[in-house]
Amino acid sequence: MERMDYDMPFLLKYENVAWYDNGKVRILDRRIYPTEVRFVECTDYKEVVQAIADMVTQSAGPYTAVGMGMALAAWQVRGKGSSEQLSFLKQASFELSHARPTTANRYGKITENCYHAAEKALETGANPVEAIRDATIDSLNRRYSTMQLAGDQLEKLIPEGGTILTQCFAETVLGTVTRAAKKNGKSFRVFCAETRPYLQGARLTSSCFAGMGIDTTVVTDNMIAYSMQHEGIDLYTSAADTIARDGHIANKVGSFQIAILAKYFGIPYFVTGVPDSDKMSVDDIVIEMRDPSQVLSFQGVRTTLPEVKAIYPAFDIVPPHLISGVVTDKGVYVPYLLNSYFDNEVRMFY
């Protein structure tokens, strides 16, 4: 089977995201990369659910992990009757897809596809574990292919020798836009906001760009205005965990304030991704509130007095008037006209 992770950095190779093999799912622990390269090993699909909830993998990583978790669930119930296997897999599909609330709809498309692959395998006498893993790899290939089209579109918006600013870990699209730039002989440099409290921008985004030979600089989250004013930022770009049809997007918390600064400095903000067909408006977006203790410490070391409190919204919502365009596999859309994305046949993304 041809794979679409060719020429991708370490973090974006399929096996280095999450992988099922012989009754185990190995998930790269992105909480500690690149200081340490360590995989969390799961022998029960519920451990995959917990790993996703605990941010062992995030950004687009759970799209791979939930599929591989379904393969593990199929292995756990191997040898049982078809009805018992399907009942078990239906429950696993629900739990895996709801590991994090904001993106439950996207995870659910993957786990349901895996369920149907197992159902078909059981009908034809094939191995449901292998069928689910193959379906997950097919899903990965579709996503990487779709995001390559989006990356091709984003590459056209970057001026030769220009500078882009990123927020959090856009994952697949940062690999595909870099592949597109290398193919076309275009050079650019990138500034990565560190993205507290997990520092995904500093640890993950910068590692991918630097690993692909891009001039990469990390700035702390409170250096954005300075960087826009003094470092020649040409455009701000991020992925989105949710893109509603009315043009509102949800992405890692901090995206909203950077969008406001970009508007102030006259810098375009381009969101990458595929709109969610089932998210009609901002009212359909659920913001995940995480354990605030993660804000009060860094790598296990408390940074405040015991009586200090915190909040930890994992995402915030950017309104359409702050978004210059939504970069998709079909082209760049004005956020107010995202409904037109669905006018023709929609590419299967998950």
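Visitor: Hi! What should I know about the model and its numbering?

Guide: Residues are numbered from 1 along each chain as its sequence is written. The model is predicted, so local features need pLDDT of at least 70 and side-chain atom pairs count only at pLDDT 80 or more, while totals for chains, interfaces and linings use all residues; side-chain values use heavy atoms, with hydrogens and water left out.

Visitor: Let's start with helices. How do α2 and α4 cross?

Guide: Helix α2 covers residues 61–76 and helix α4 covers residues 104–124; their axes come within 9 Å and cross at roughly 30°. That makes α2 roughly parallel to α4. Helices here are DSSP runs (H or I, at least four residues) and strands are too (E, at least two), numbered from the N terminus. Axes are lines fitted to C-alpha atoms, for helices over the stretch in contact, and angles run from 0 to 180 degrees between N-to-C directions. Angles under 35 degrees count as roughly parallel, over 145 as roughly antiparallel, 65 to 115 as roughly perpendicular and the rest as oblique.

Visitor: Which residues of α2 and α4 meet?

Guide: From α2 there are Pro62, Tyr63, Val66, Gly67 and Met70, and they meet Arg106, Tyr107, Ile110, Thr111, Cys114 and Tyr115 of α4. Contact means heavy atoms within 4.5 Å. By class, the contact of α2 with α4 has eight nonpolar residues, two polar and one charged. For those classes, Ala, Val, Leu, Ile, Met, Phe, Trp, Tyr, Cys and Pro count as nonpolar, Asp, Glu, Lys and Arg as charged, and the others, Gly among them, as polar.

Visitor: And how do α3 and α4 pack?

Guide: Helix α3, residues 82–97, packs with α4 at an angle of about 165°, and the axes are 8 Å apart. That makes α3 roughly antiparallel to α4. On the α3 side the contact includes Ser82, Leu86 and Leu89, and on the α4 side it includes Ala104, Gly108 and Leu122. The residues of the contact of α3 with α4 divide into eight nonpolar, six polar and three charged.

Visitor: New topic: how many salt bridges are there?

Guide: A search of the whole structure finds 15 salt bridges. The term means a side-chain nitrogen of Lys or Arg within 4 Å of a carboxyl oxygen of Asp or Glu. Side chains of opposite charge can pair when their charged atoms come close.

Visitor: Which residue does Glu15 pair with?

Guide: Glu15 meets Arg3 in a salt bridge, at 2.7 Å from N to O. Both residues lie in the segment before β1 (18–21), so the pair ties together parts that are twelve residues apart in sequence. Glu15 counts as partly exposed at 29% relative accessibility, and Arg3 counts as partly exposed at 27%. Buried means under 20% relative accessible area, exposed over 50%, and partly exposed in between (1.4 Å probe, protein chains only).

Visitor: What about Arg38?

Guide: Arg38 forms a salt bridge with Asp29, where the closest N and O atoms are 3.4 Å apart. Arg38 is partly exposed at 37%, whereas Asp29 is buried at 1%. A network of salt bridges links Asp29, Arg31, Glu36 and Arg38.

Visitor: Are Arg290 and Glu288 buried or exposed?

Guide: Arg290 is buried, with a relative accessible area of 10%, and Glu288 is buried with 8%. Their side chains meet in a salt bridge, at 2.9 Å from N to O.

Visitor: Where is Val327, and what does it touch?

Guide: Val327 is found in strand β14, residues 325–328, and counts as buried at 0% relative accessibility. Leaving out residues up to four places away in sequence, Val327 touches residues including Ala150, Leu154, Phe270 and Val332. Val327 and Ala239 are 88 residues apart in sequence, and their C-alpha atoms are 9.3 Å apart in space.
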